[in-house]
Amino acid sequence: PSLPNSDYIIGKWHGAYSVGSGYNERIQFFKNNTFKFYSSEMRNLPRFQYFTGNYTLTNDKLILKVTEILKYNNTQKYQIADGGNNICEWSNNQVNELIKIKKPFLFTFPVHYHNTNEEDKKGIRIGSQLFYNIEFED
């Protein structure tokens, strides 16, 4: 089904129904038509912390225009992360390179309302990924 209105997506969305030992993919939509997409904390050897840009939403179609990427600078050495989930992480992970993209990337996804059957939790489907309206740290 279609989204109730275009403001429905404004807020913070998490790529899982609840938060486990770390955040899954997350996306945040702002009223000024900007967005920020965060990489999963449970991904092996992540290359970026987030990417950001502008979005448009028309006729159940979401277009993301990526203009900046906050990249990890790391060594080529990695280790098993704490927490027992067998995820590898970079030994020396530093977030300090903001890349401004001269020719922005465009991604187009169908976007739909997802009924969670709970009054206090909203859901949306972006492409094939379900996201739930859950608060998280930026």
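## Thr 116 and its surroundings

A polar contact here is a pair of N or O atoms within 3.5 Å; within protein, one must be able to donate a hydrogen and the other to accept it, and residues adjacent in sequence count only if both atoms are side-chain atoms. With that in hand, look at Thr 116: a polar atom of the Thr 116 side chain lies 2.5 Å from the backbone oxygen of Lys 121. Thr 116 sits in the loop between S8 and strand S9 (123-126), and it counts as buried at 12% relative accessibility. Buried means under 20% relative accessible area, exposed over 50%, and partly exposed in between (1.4 Å probe, protein chains only).

If neighbours within four places in sequence are set aside, Thr 116 is in contact with Lys 121, Lys 122, Gly 123 and Tyr 132; contact means heavy atoms within 4.5 Å.

## About the model

This is a predicted model, in which local features need pLDDT of at least 70 and side-chain atom pairs count only at pLDDT 80 or more, while totals for chains, interfaces and linings use all residues. Residues are numbered from 1 along each chain as its sequence is written, and side-chain values use heavy atoms, with hydrogens and water left out.

## The overall picture

The secondary structure comes to zero helices and ten strands. Both kinds of element are DSSP runs, numbered from the N terminus: helices are H or I with at least four residues, strands E with at least two. From the N terminus on, the order reads β-β-β-β-β-β-β-β-β-β.

Of the 138 residues, 36% count as buried. Among contacts with a separation of 6 or more, 48% are between residues 24 or more positions apart. The protein exposes about 8500 Å², and carbon and sulfur atoms supply 48% of that area; accessible areas come from the Shrake-Rupley method with a 1.4 Å probe, and for residues only the protein chains shown count as cover.

## Two salt bridges

Side chains of opposite charge can pair when their charged atoms come close. A salt bridge is a side-chain nitrogen of Lys or Arg within 4 Å of a carboxyl oxygen of Asp or Glu, and the count by this rule is two. One of them joins Lys 12 to Glu 135, with the closest N and O atoms 3.6 Å apart. Lys 12 lies in strand S1 (residues 11-14) and Glu 135 in the segment after strand S10 (129-132), so this pair ties together parts that are 123 residues apart in sequence. Lys 12 is buried, at a relative accessible area of 14%, whereas Glu 135 is exposed at 64%.

Lys 100 and Glu 68 form a salt bridge too, their closest N and O atoms being 2.6 Å apart. Since Lys 100 belongs to strand S8 (residues 94-114) and Glu 68 to strand S5 (residues 61-73), the pair ties together parts that are 32 residues apart in sequence. Here the lysine, Lys 100, is exposed at 59% relative accessible area, and Glu 68 is buried at 18%.

## Tyr 23

Tyr 23 has its place in the loop between S1 and strand S2 (26-29). Its relative accessibility of 16% makes Tyr 23 buried. Tyr 23 and Tyr 38 are 15 residues apart in sequence, and their C-alpha atoms are 9.2 Å apart in space.
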